[in-house]
Amino acid sequence: MAEIKDCKEQPPIQKRYEIRDPIHGFVVLNEWEREIIDHPAFQRLRRIRQLGLTEMVYPGATHTRFEHSLGVMHVATRMFDEVVEKREDFLKTELGYQEADLKRDRVLVRLAALLHDIGHAPLSHAAESLMPCNGAGKKYLHTDYSAAVVNHVMRDVIENHPMNRQYAITARDVADFLTGATRLGRSLLWRGLVSSQLDADRADYLLRDSHHIGVAYGKYDLDRLLVTMAVAIDATGSPVLAVEEGGEHAAEGLIIARYMMFTQVYFQHTRRAYDCHSEQALKTLLSRGARSTQGRAAFPPPTARKNVEAYLEWDDWRVMGMIHAGEAGEHGEIIRERKHHRCVYATPEIPSTSDLEFVEELIARVEDKVSFVDRAEESWYKFGDADIPVLLSPGRRDERVRTLSERSAVVRGLKAVNKIRIYVPPAAQERVSAVVQKLRRVRG
Amino acid sequence: MSVEAGIPWNRYGLIAELACRLDGESPQFGKTALQKMVYLLQEALGIDCGYHFQLYSYGPFDARILQDLDLVEYVGGVEIHQSESPGGGYEIRPGPQANMLREKAKGFLQDEKVKKALDRLVREWGPLMARDLELRSTVLYVARDMKESGDQVTREGLLDLVRNLKPKFSHEEIKTAIQELSEKGFLEVES
């Protein structure tokens, strides 16, 4: 980390630090952010790979949530600065922002972006099914863990730094920003920079994952997108983050990049098999570790400091060490030896009723041979509430907002993927494949 | 991960069922109205549909509903048309395979508790515009959020938060929605 001279935005005593980044060049930090990054909970992200066991298929995929988190803070800040620079008068006159509000929200956005993955489970998203349910029967998400880490573990480093005196940002403010809690009120406008279809999270991971994996599917024009970001009031009277008309094809580019990355990389059949093996190996480890919630293996719920601290003990190093030591059962061995289960049947990306019935019938016939059924589900474009607002004629009298889905036949044409795959152990592959062929003939 | 097919016929059947029940009942049953109706069914009427909502621009939203809607449209359970109304948007209508999907989900849809809840959903909120559904579902979402955060849900506190989040709704509109929801027993507020 290189220390550099102060910039004019910061008081003279403040130092800035630069971290070299393969995607964005340099990520700039202040002292407060550096202390947050030095916190053990944040350093843990060095031990959480961004893409779990994707390296079993794409050997370059060994990058971590640590560098991604820095990248998200960098991109979210650039987005915020572009919007404010371009629409400062609008923010002040139409939305009632004062200079101090904007400065405070900028800091809040940076902290939330930096900490958005602080509660990530080991082996990436594969472990999320092992998160317990809350009292209402709803499963906790990794965002809930991120908010809990911020609230229970990082309060001191967030609230008590001298740089926070002028902002009075609380750990709860950051946690609420991450979960979208309504008490944040107007500041929620900026949440779209961390959680939306054009957020800094996907803006960063698409480029970063492409770079490390060695594919071009996730590339799009980030610079064009950034210079066309704006804030506006939509047709219903709500303030929204938008992209100017000139950036709508850059926005399409990001949506298509995400579609390509999911279908070509994240949903790749062997990679998905390793998600299932990871989940089962972790389940074995959690059940051995006397952490059981509601009668099943699960992480401790993010409801108290001691639970959060116990949760943070779990990282990829610990899990891989236990797998290496032979403690993770059959699926741990599969991971260690790279002898994954095989896909014997997959529906099309958009299955018909007949395809879905085929899955049910096949499972009924070979249930004892099936090791897991994988559902790769994702929608590429979210209409309605989450549609991307496009700002037409910005700054002119006929300024107005339309949605990207109204204007883009490309995004209208992207249908959600609901691909189902059936996996069996290698020893059963031939036999079950024969059943698949026979069933296909019977069903015509 | 499981060895069950786990195909969510209940969710697919519910979308087809709502399209059938709201055809001719709703002024415009589009994608926003679908989100809000499912939210109200799940959170106000207590029917677990398996969705997890977060607050978005127009109130509670779960992207999986749109994902399910895509599949339901693809298999012919609904038809989605671009609306010709001045506000634009979409209209969701029953498709040729709507009954097939309802049949697949009959164990869920014909459960007495679910049937009663659907009847009440359509009676209470079916005739409302998406904008009105947005306000009512947002009020319920904010009240639940306040409760879960350990805050006291007072009438004034709730009104202020909703007004702050949704400046497009007038003080009077929000007040009326809170009054209506609490009178009907969907909302508990302290004076």
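Predicted model: local features only at pLDDT ≥ 70, side-chain atom pairs only at ≥ 80, totals over all residues.

User: How many residues does the contact take from chain B and from chain A?

Analyst: Contact means heavy atoms within 4.5 Å. Here 47 residues of chain B and 52 residues of chain A take part. Buried area is the accessible area (1.4 Å probe) that two parts lose on being put together, summed over both; for chain B and chain A this comes to about 4200 Å², with 54% of it on carbon and sulfur atoms.

User: How many salt bridges are counted between chain B and chain A, and which elements of chain B give the most to the side that touches chain A?

Analyst: A salt bridge is a side-chain nitrogen of Lys or Arg within 4 Å of a carboxyl oxygen of Asp or Glu. Three are counted between chain B and chain A, and one joins the side chains of A:Glu357 and B:Lys104 at 2.7 Å, N to O. As for elements, helices (H or I, at least four residues) and strands (E, at least two) are DSSP runs, numbered from the N terminus. On the side of chain B that touches chain A, H3(B) gives the most, with seven residues.

User: Into which domains is chain B divided, and how far apart do their C-alpha centres lie?

Analyst: Domain bounds come from an automatic or database domain assignment, which here divides chain B into domain 1 (1-127) and domain 2 (129-191). Their C-alpha centres lie 23 Å apart, and the contact between them takes 22 residues from domain 1 of chain B and 17 residues from domain 2 of chain B. These two domains bury about 1600 Å² between them, of which carbon and sulfur atoms give 67%. On the side of domain 1, B:Tyr39, B:Leu55 and B:Trp125 supply 32% of the area buried against domain 2, more than any other three residues.

User: Which salt bridge can I inspect across that domain interface?

Analyst: The rule finds two salt bridges between domain 1 and domain 2 of chain B.

Technical notes. Residues numbered from 1 in each chain as written. Chains lettered and ligands numbered in written order. Heavy atoms only, no water.
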